[in-house]
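Please have a look at it first.

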Amino acid sequence: MAQLGWIPGLATMIIFACISIYTYNLVADCYRYPDPINGKRNYTYMQAVDAYLGGTMHVFCGLIQYGKLAGLTVGYTITSSTSLVAIKKAICFHKRGHQAYCRFSNNPFMLGFGMLQILLSQIPNFHKLTCLSTVAAITSFCYALIGSGLSLAVVVSGKGETTRVFGNKVGPGLSEADKMWRVFSALGNIALACSYATVVYDIMDTLKSYPPECKQMKKANVLGITTMTILFLLCGSLGYAAFGDDTPGNILTGFGFYEPFWLVALGNVCIVIHMIGAYQVLAQPLFRIIEMGANMAWPGSDFINKEYPTKIGSLTFSFNLFRLIWRTIYVAVVTIIAMVMPFFNEFLALLGAIGFWPLIVFFPIQMHIAQKQIKRLSFKWCLLQLLSFVCFLVSVVAAVGSIRGISKNIKKYKLFMYKQ
């Protein structure tokens with residue numbers, strides 16, 4: 001919002017939400033093949049792409065989908081450490097005063113978060129625990145409402161900063177080129193907020209077949225995206241109204257708020273709890289696809305396939321050597337990458353840019369064209385391709401802006417020495 005301003009910022013979020021509702025409804029219609037009501041179920045997004053578009057697109061979809069999942073685990077590691085540092089800073093400022101030196105390294109918190117994820121990664125199907133969805137929903141609403149509430153308090157008290165119709169003003173501290181790059185990166189951040197297409201089929205798998213799953217999911221899409229957009233509009237608008245040009249990337253970690261310190265800390269605790277579960281929700285499918293591939297390649301290997309039952313006190317569980325080593329290495333590599341590039345906004349914007357066009361727009365539109373057998377160069381075909389092309393351009397400029405932001409930060413950052 002701070003980069004785009006009131007009119008472009010609000011319009012962009014609403015436009016992205018409308019595009020998401022439309023394309024997610026196309027995804028819902030492709031849950032069954034070839035008929036959306038009576039066809040054969042597709043249990044995953046990739047399976048639907050394979051059924052409608054063939055093997056080449058299936059491979060391309062897999063590379064994008066699993067690459068994005070891996071990237072998001074890096075992003076969640078950065079987010080968690082940023083919030084943990086913010087908790088420590090909130091306590092420090094409360095005890096020593098707002099002008100005190102309270103800067104801390106993210107690295108110990110990233111290492112602690114990584115070690116916790118190594119343990120959780122060894123639990124089979126951890127991402128399917130029912131309580132995870134409940135906890136994620138509660139904590140999401142909590143930190144969104146805490147951030148919005150604190151921003152509203154600043155505005156109501158008359159301490160809000162100057163805002164503009166078209167965002168940050170070009171001047172001595174901001175060149176036209178930098179303004180443009182920041183706008184591009186902002187588009188990536190908004191794009192990331194709209195991306196849950198790959199889990200639509202996981203949700204539909206839990207629905208009864210009557211009324212048809214696609215009709216139920218369409219209602220859920222409208223309700224879910226509308227609620228999500230209202231929360232984002234609240235956070236973005238109230239945060240911008242409170243802080244103006246100096247709006248931090250994360251209003252709960254950028255220290256526009258010092259008091260009540262316990263509420264700032266609570267908001268960040270909610271973020272960390274959410275990230276702990278969300279990391280596993282994204283990592284477990286990636287673990288599973290690699291382990292299935294290894295099992296198919298070496299079906300007779302004890303190292304890959306043998307389970308070792310173990311009992312510690314009253315706790316009984318089994319472990320697998322390949323799972324133990326591979327998942328530990330994965331979490332370790334993700335943690336190291338997060339420590340090397342701990343840039344919250346730019347990294348998340350890059351992930352949003354990479355995933356938005358192919359997963360949210362391109363594949364749903366192409367599957368819809370194949371399902372409905374829309375004739376090439378017909379009016380509807382041209383409109384759908386135009387929408388896809390425009391979203392492709394948005395993804396490209398958002399990716400370029402994000403990469404520039406990351407490279408600019410890396411130049412002035414000492415490796416493993418980032419302090420917040």
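This is a predicted model: local features need pLDDT of at least 70, side-chain atom pairs count only at pLDDT 80 or more; totals for chains, interfaces and linings use all residues.

Setting aside neighbours within four places in sequence, serine 395 is in contact, meaning heavy atoms within 4.5 Å, with Ala353, Phe356 and Trp357. The side chain of serine 395 also reaches the backbone oxygen of alanine 353 at 3.3 Å, where a polar contact is a pair of N or O atoms within 3.5 Å, one able to donate a hydrogen and the other to accept it, and residues adjacent in sequence count only if both atoms are side-chain atoms. Serine 395 sits in helix H13, residues 379-411, and with a relative accessible area of 7% it is buried; the classes are buried under 20%, exposed over 50% and partly exposed in between, with a 1.4 Å probe and protein chains only.

Residues are numbered from 1 along each chain as its sequence is written, and side-chain values use heavy atoms, with hydrogens and water left out.

Now to the backbone. Most residues other than glycine have a negative phi, and most peptide bonds are trans. Against that background, glutamine 373 has a positive phi of about 50 degrees although it is not a glycine, and leucine 377 likewise has a positive phi, near 70 degrees. Glutamine 373 lies in the loop between helix H12 (344-372) and H13, and leucine 377 is also in the loop between H12 and H13. Glutamine 373 counts as exposed, at 67% relative accessibility, and so does leucine 377, at 64%.

Elsewhere, the peptide bond from tyrosine 33 to proline 34 is cis, with omega near -5 degrees, and proline 34 is placed in the loop between strand S1 (32-33) and strand S2 (40-41).

As for the whole, the protein has 13 helices and 4 strands, these being DSSP runs numbered from the N terminus, with helices (H or I) of at least four residues and strands (E) of at least two. Finally, 47% of the 420 residues count as buried.
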